[in-house]
Amino acid sequence: MSLRSHPFQRRNTAHDLFLEFHKHRPQSLRKIKEEDESEGHPPTNDVPLDFEMFQHVMKTGVIYATSRAKVRGFDPEDPEWANMGQGAPETGPLPGAPPRDFHMSIEDALLEYAPVTGLKELRVKVAEYYNHLYRQGKDSKYTFENVCIVPGGRAGLTRCMAALGSTQVGYFTPDYTAYQQALGLFVRITPSPLLHKDANEALMPSEDFKFQAIGRGLGAMLWSNPANPTGMSLEGSELDAYVKISRELNLALIADEFYSHYYYDGEAVDPEDGGADDDSNWPKTVSSAAYIDDVDIDPVLIVNGLTKNWRCPGFRICWIVAPKPIIEMLGSAGSFLDGGANAPLQKLSLPLMELDFIRRDAWALQREFKKKRDFLLTELARIGIAVKWKPTATFYIWADISSLPSPLNDCLVFLEECVKYKIICVPGVFFDINPRNIRNIRSNKCINFVSTLLNDIFLRFSYGPPMSNLETGVHQMEKMIEYWKNNPESIEMYQRESFGE
């Protein structure tokens with residue numbers, strides 16, 4: 001979102017708080033002593049100290065939403081709080097999932113630095129995973145040299161950005177909030193937004209993508225697939241076309257595939273419903289890897305890891321799969337950026353990369369998360385919250401609150417009221433990414449469409465938490481909406497502390 005100017009048609013204290021939160025550098029207080037002539041003793045005053053040598057560093061949407069909740073006493077261990085804003089899945093055991101053994105004895109060798117591209121054993125396992133699921137019957141196969149292990153997804157994206165030369169990097173909006181910082185960090189990169197001709201389409205058709213890629217002279221494209229926050233997925237012939245365009249234009253396609261196991265529309269039969277429980281029967285997953293001709297020539301970089309699909313976000317073990325020459329460059333970037341991933345946790349990750357474990361775990365994941373998706377879709381509709389697109393993947397819902405009573409039909413106000421009822425969600429404004437403020441935004445499409453043809457207002461709800469968390473959140477949200485139905489106020493008059501208490 002642009003911080004250069006903020007001429008929103010609807011201004012209120014929730015907007016003001018949001019803007020102030022992003023404009024100010026961190027401050028500390030220092031003690032200044034001044035003589036008080038009337039009393040004859042030196043009083044001590046607190047004076048703000050700006051660290052002007054630092055630039056302002058914006059916070060992502062989840063961090064902002066969580067900070068607002070902490071003002072209201074948020075404790076992640078408190079069962080009365082419903083964190084429907086978290087960008088992580090529940091990490092505990094799932095019904096029907098294979099057991100996970102996280103016990104290990106750390107040998108002395110693992111106390112050394114791991115190679116900056118990762119332990120060879122884990123790189124081999126990652127290559128086998130992609131070859132088995134997406135490269136069967138193809139001559140070109142991945143090897144460990146096509147894999148770079150990185151300490152988290154954002155570290156992987158940062159390595160990719162650091163390795164790029166002077167080039168235009170395309171991106172979609174809405175998309176993952178951290179792209180705003182990743183795309184704006186390195187001066188060699190010129191971020192270039194690709195705009196949909198039709199604001200009602202969730203995915204850009206391949207012919208439109210090719211037209212814009214050629215017209216803008218893109219050297220690279222960063223995108224999430226399936227998409228965060230909409231839960232929609234580009235797949236089949238359209239995903240094949242994107243990869244072909246990447247090959248034809250020599251355009252680096254950086255595919256963030258962290259939710260590639262979270263699909264709910266596959267045709268395979270769940271073993272619990274009578275499907276085969278063996279290697280012949282895998283649940284639906286999607287990856288660009290299936291459409292690559294030559295793994296060492298096609299300029300496709302796949303970013304994935306244990307964070308989401310394996311439900312181990314605390315491991316911070318992820319990977320990039322790419323042509324060998326690019327992996328060498330990513331290793332060089334890692335040597336000065338992050339130094340490489342944790343060696344003991346890479347070792348502990350090896351059993352999680354066994355193919356039979358992955359298959360069984362993915363079935364359990366899809367089974368449980370589909371229940372949560374369907375529950376939340378039904379309940380949101382019941383309390384008057386629409387959904388822009390029914391998600392086929394991820395664990396997010398892109399919700400439309402335009403029909404709610406004022407002032408709840410504004411994503412920033414909605415968050416301010418939610419935290420009073422111990423609910424966390426992420427306002428849609430954070431997904432309208434705008435690195436370096438390259439766009440002069442007159443009306444943010446993820447806050448409102450007052451000056452355009454549409455009048456939609458968006459939020460991202462996560463069904464990553466356990467079902468009990470979602471049930472609590474919906475119950476509290478219904479009470480909040482009922483209050484404002486009975487006590488509507490204009491958005492312009494909204495005051496955080498005056499209403500909805």
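This report walks through the fold of one predicted protein model, from the whole chain down to single residues.

In this predicted model, local features need pLDDT of at least 70 and side-chain atom pairs count only at pLDDT 80 or more, while totals for chains, interfaces and linings use all residues. Residues are numbered from 1 along each chain as its sequence is written, and side-chain values use heavy atoms, with hydrogens and water left out.

**The whole chain**

Let us start with the overall picture. The protein chain has 12 helices and 15 strands; helices (H or I, at least four residues) and strands (E, at least two) are DSSP runs, numbered from the N terminus. Of its 501 residues, 54% are buried. Here, buried means under 20% relative accessible area, exposed means over 50%, and partly exposed lies in between, with a 1.4 Å probe and protein chains only. The accessible surface comes to about 21,400 Å², and 52% of that belongs to carbon and sulfur atoms; such areas come from the Shrake-Rupley method with a 1.4 Å probe, and for residues only the protein chains shown count as cover. Among contacts between residues at least 6 apart in sequence, 76% join residues at least 24 apart, where contact means heavy atoms within 4.5 Å.

Now look at helix α3, residues 120-134. The expected span is 1.5 Å times one less than the number of residues. Among the buried residues of α3 are Leu 122, Val 126, Tyr 129, Tyr 130 and Tyr 134. Their cover includes the strands β4 (147-150), β9 (300-305) and β10 (318-321), along with the helices α8 (324-337), α9 (343-348) and α10 (355-382).

Helix α7 can be checked in the same way. With 14 residues it should span 20 Å, and the distance between its end C-alpha atoms, 20 Å, agrees. Its buried residues include Leu 239, Tyr 242, Val 243 and Ile 245, and the buried residues of α7 pack against α6 (206-216), β7, β8 (252-256) and β9. After α7 comes Asn 250, which has a positive phi near 55 degrees.

**Aromatic rings**

A pair of aromatic rings is described by the distance of the centres and the angle of the planes. Rings of Phe, Tyr and Trp (its six-membered ring) pair if their centres lie within 6.5 Å; planes under 30 degrees apart count as stacked, over 60 as edge-to-face and the rest as tilted. The structure holds 24 aromatic pairs, and two of them are set out here.

| Pair | Centre to centre | Angle between planes | Type |
|---|---|---|---|
| Tyr 129 and Tyr 134 | 6.3 Å | 90 degrees | edge-to-face |
| Tyr 264 and Tyr 463 | 6.3 Å | 50 degrees | tilted |

Tyr 264 lies in the loop between β8 and β9 and Tyr 463 in the loop between β15 and α12 (467-486), so their pair ties together parts that are 199 residues apart in sequence. Tyr 264 is buried at 8% relative accessibility, and Tyr 463 is buried at 0%. As for the other pair, both Tyr 129 and Tyr 134 are buried. These two also belong to a cluster linked by ring pairs, together with Tyr 130, Tyr 142, Trp 310 and Trp 319.

**A buried lysine**

Lys 372 lies in helix α10 and counts as buried, at 3% relative accessibility. Lys 372 and Tyr 463 are 91 residues apart in sequence, yet 6.2 Å apart in space, C-alpha to C-alpha. A polar atom of the Lys 372 side chain lies 3.0 Å from the backbone oxygen of Tyr 463. Not counting residues up to four places away in sequence, Lys 372 also touches Glu 90, Gly 464, Pro 465, Pro 466, Met 467 and Leu 470.

**Backbone details in the loops**

The peptide bond from Asn 225 to Pro 226 is cis, with omega near 0 degrees, and Pro 226 sits in the loop between β7 (218-224) and α7 (236-249). A cis bond also joins Ser 406 to Pro 407, with omega near 10 degrees; Pro 407 is in the loop between β12 (396-400) and α11 (411-420). Arg 316 is not a glycine but has a positive phi of about 55 degrees. Arg 316 is found in the loop between β9 and β10 and is partly exposed, with a relative accessible area of 40%.

Methods: Polar contact = N/O pair within 3.5 Å; in protein donor to acceptor, adjacent residues only side chain to side chain.
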